[in-house]
Amino acid sequence: MSVPAVLAQTFEFRYHGEPVPDGGTVTIFAEMNEFDELACETNPPLDPGNGLILSLLAGANATGNATIVIEENTLSPDRILWCMGGSCMQLGSKTSVTKDFTFKEGIVLTQFDAINIRSEGVLLATLSATVGTETHSVIIKFVNGDVAVAGDVNGDGECTGSDVTALYNYILYNDSSAIVTGDQNGDGEITGSDVTAVYNIILGVE
Ligand SMILES: [Ca+2]
Ligand SMILES: [Ca+2]
């Protein structure tokens, strides 16, 4: 058996210094910014390099392009700001924008902000970056208020296998210790149908 060649990864997304797995989610809850506006910001104003960045792992003077796509926005923010390496723009009514970037000293700041948020809700955006033939993406999730996440049985803010386990433990052993929202299909009881509903969310089946 031959082993497929693995090309070395040349850059990655990082958040608070930790690599973000490809397609991973960075969740940020709304808080007041320095101008007393309710905001979600990926890069803290006092230490922007410690927020969401692209980090070069190999090569030098790399350039590339990045695309942000707003998948969902129920936050009603006054403005949505996106910067790649210091080149900033407001998205206005645009839901998809592509920009070029250049790594400086091995990093690109990827600042993304929703400012003066006026509704409870979520903003979901996919940010993908391409250098050469290599593309990585991260999902940015802004949250204001107590927003129920579909399939989140145990209330940890995401839908994962732990939510299926929580349902099984309840259905099989009457253990409700991990149940926060067990009735996922809204029929008023917690049954195998809720397991199916959560599975479908995990598998991406509509
Ligand atoms: Ca969960
Ligand atoms: Ca149910």
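A: Helices (H or I, at least four residues) and strands (E, at least two) are DSSP runs, numbered from the N terminus, and the expected span of a helix is 1.5 Å times one less than its number of residues. This is a predicted model, in which local features need pLDDT of at least 70 and side-chain atom pairs count only at pLDDT 80 or more, while totals for chains, interfaces and linings use all residues. Residues are numbered from 1 along each chain as its sequence is written, and chains are lettered from A and ligands numbered from 1 in the order in which they are written.

The protein has two helices and 14 strands, and the part to follow here is helix 1, which runs over residues 161-173. Its 13 residues reach 18 Å from the first C-alpha to the last, close to the 18 Å expected at 1.5 Å a residue.

A residue is called buried if 20 or more other C-beta atoms lie within 10 Å of its own, exposed if 12 or fewer do, and partly exposed in between, with C-beta atoms placed from the backbone. In helix 1, Asp 163, Ala 166, Leu 167 and Tyr 170 are buried. Because they cover an arc of only 95° around the axis, they are on the same side of helix 1, the arc being that of the directions from the helix axis to the C-beta atoms. An α-helix has 3.6 residues a turn, so residues three or four places apart point the same way.

On the other side of helix 1, Gly 161, Leu 172 and Tyr 173 are exposed. Just after helix 1, Asn 174 takes a positive phi of about 55°.
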